[in-house]
Amino acid sequence: MATKLPDSPRIGMVSLGCPKNLVDSERILTKLRSDGYAMSPDYQGADIVLVNTCGFLDSAKEESLEAIGEAIAENGRVIVTGCMGKEAEVIRARFPNVLAVTGAHQYEEVVGAVHEAAPMPPSPFVNLVPDAGLKLTPRHYSYLKISEGCNHRCAFCIIPSLRGDLVSRRPDAILREAEKLVEAGTKELLVISQDTSAYGVDIRKEPRMWKGQEVVPHMTDLARELGKIAPWVRLHYVYPYPHVDHVIPLMAEGLVLPYLDIPFQHAAPNVLRRMRRPANEAKVLERLRGWRAIAPDITIRSTFVVGFPGETEEDFQYLLDWLDEARLDRVGAFRFEPVEGASANLLPDPVPEEVKEERYARIMEKTAAISAAKLQAKIGRTLEVIIDEVGEDGATGRSQADAPEIDGEVFLRDAGHLNQGDIVRVTIEDADEHDLYGVPLP
């Protein structure tokens, strides 16, 4: 018996205004057609009607409003785009039932609105690319990029010259992607950007509708909504701005994993100033204590640069003493290396290579001892673990304190019955400097 393919949603288009608008309409329809949508020549046959508006003159605005009204009267399911999209409040005041309003040239937003209002039915015969996109990670965890670029000008970094200043993604687009990933099997979302805590500063006055409510483009609001979508949400590359304090209660509530990846880079005030980074290490220690009071199981991961130009033995010892007090859970260290285009290359007093090596060895010894002590304290506890690999008898996974590839692992015995992506409760039986060993609860 022949397989009947599902019918594709049909899109109608009303295009007003100048030739530039016509080109925009063609691009939108081309993208939708490539996504599998069919076109409708009339209102009656359309699942969605797009009205591409003109807002150049008052008469053009009125014509656009009349066209929107006609589309709503004839069909009822209308998405508005084009130049008049800048006056969304006017459109919504007159036509509160429009499904979405976007501005001119916002092709991704228009197409995203259509996907949400009239999703394509899944079909293995038609959809060559899965709904969540192609992935290079295992099915059960996915990286979710929320912005590009960075507004910092750290002396050792050339990211802004490569990727430009911060450009945040719309929160509804991020949440839509997260939802698709979870529908495709993702259990853990790893939120990444160059500066996650700066998310939204460039679009802070542009809240978006999601599931019937406004979502503000801010790290806290985004983390809260992501926590409603995925079982595990892990935050990476978080600068310790004051508003990070508001994310910690979400960890205590279980909406976000009690894990922060904060690139401190150093602790000595002199070095931080030469790096062009905030020199408030004492306040950071105070905030770490406050975070741990709210979320006792919070894991703090960080990275540090040793041998930065001008770093003295006193500066390095300051860092070691700071680490003794901070008691960070996971630490990575790097020997400073000049990068073409970085302003740090011009700084005086370079640190000799042999001194860099010696300091690197000392910081790794220090942090390994702290990690071992922290992991020993987990013996006897029951922890949630996500399974990454399963063998004939055992399995390997990660606790909430472990990000893939960069942190430790949990090695399980008597676990051959588990499946990749399972989240199970595990009794911890042993530990070493970096990893845990345990058995899943029956």
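Predicted model: local features only at pLDDT ≥ 70, side-chain atom pairs only at ≥ 80, totals over all residues.

Biologist: Is Ala 100 buried or exposed?

Modeller: Ala 100 counts as buried, because its relative accessibility is 14% and the cut-off for buried is under 20%.

Biologist: And how far apart are Ala 100 and Val 390?

Modeller: In space they are 45 Å apart, C-alpha to C-alpha, and in sequence 290 residues apart.

Biologist: Which residues line the largest cavity?

Modeller: Its lining is made of Thr 299, Asp 329, Arg 330, Ser 371, Lys 374, Leu 375, Lys 378 and Ala 401. By class, that gives four charged, two polar and two nonpolar residues.

Biologist: Which element gives the largest share of that lining?

Modeller: Helix H12, residues 353-376, with three residues.

Biologist: OK, rings next. How many aromatic pairs does the structure hold?

Modeller: Eight. Take Phe 308 and Phe 336: their ring centres are 5.2 Å apart and the planes sit at 75°, so this pair is edge-to-face.

Biologist: Where in the chain are those two?

Modeller: They link distant parts of the chain, being 28 residues apart. Phe 308 is in the loop between strand S14 (299-306) and helix H11 (313-326), while Phe 336 is in the loop between strand S15 (330-335) and H12. Both Phe 308 and Phe 336 are buried.

Biologist: Which residues do ring pairs link into a cluster?

Modeller: Phe 156 together with Phe 308 and Phe 336.

Biologist: What about Phe 411 and Tyr 437, stacked or edge-to-face?

Modeller: Phe 411 and Tyr 437 are stacked, with 5.5 Å from centre to centre and 25° between the planes. This pair also links distant parts of the chain: Phe 411 is in strand S18 (residues 410-412) and Tyr 437 in strand S20 (residues 436-440), 26 residues apart.

Biologist: Now the arginines. Which ring does the charged end of Arg 234 sit over?

Modeller: The ring of Tyr 259, at 4.5 Å from its centre. Arg 234 is in strand S12, residues 232-235, and counts as buried because its relative accessibility is 0%.

Biologist: And what lies 2.7 Å from a polar atom of the Arg 234 side chain?

Modeller: The backbone oxygen of Gln 400.

Biologist: Which ring face does Arg 335 lie over?

Modeller: Arg 335 lies over the face of Tyr 360, 3.7 Å from the ring centre.

Biologist: Let's do backbone. What is the phi of Arg 276?

Modeller: Near 65°, which is positive, and Arg 276 isn't a glycine. For context, most residues other than glycine have a negative phi. Arg 276 is in the loop between helix H9 (269-275) and helix H10 (281-294), and counts as exposed because its relative accessibility is 52%.

Biologist: What about the phi of Asp 349?

Modeller: That one is also a positive value in a non-glycine residue, near 60°. Asp 349 is in the loop between S15 and H12, and its relative accessibility of 51% is why Asp 349 counts as exposed.

Biologist: Moving on to helix H7. How many of its residues are buried?

Modeller: Seven of nine, so H7, residues 219-227, is mostly covered. The buried ones are Met 219, Thr 220, Leu 222, Ala 223, Glu 225, Leu 226 and Gly 227.

Biologist: Last stop, Thr 186. Where is Thr 186?

Modeller: In the loop between helix H6 (171-183) and strand S9 (188-192). Thr 186 counts as buried, because its relative accessibility is 3%.

Biologist: And which side chain does a polar contact join to that of Thr 186?

Modeller: The side chain of Ser 142, with a contact of 2.6 Å.

Conventions:
Residues numbered from 1 in each chain as written. Heavy atoms only, no water. 1 Å grid on protein atoms, 1.4 Å probe; cavity = no way out; pocket = protein on both sides within 12 Å on 5 of 7 lines; lining within 4 Å. Helix = DSSP H or I, 4+ residues; strand = E, 2+ residues; numbered from the N terminus. Nonpolar A, V, L, I, M, F, W, Y, C, P; charged D, E, K, R; others polar. Phe/Tyr/Trp six-rings, centres within 6.5 Å; stacked < 30°, edge-to-face > 60°. Buried < 20%, exposed > 50% of the residue type's maximum accessible area, 1.4 Å probe, protein only. Lys NZ or Arg CZ within 6 Å of the ring centre and 35° of its normal. Polar contact = N/O pair within 3.5 Å; in protein donor to acceptor, adjacent residues only side chain to side chain.
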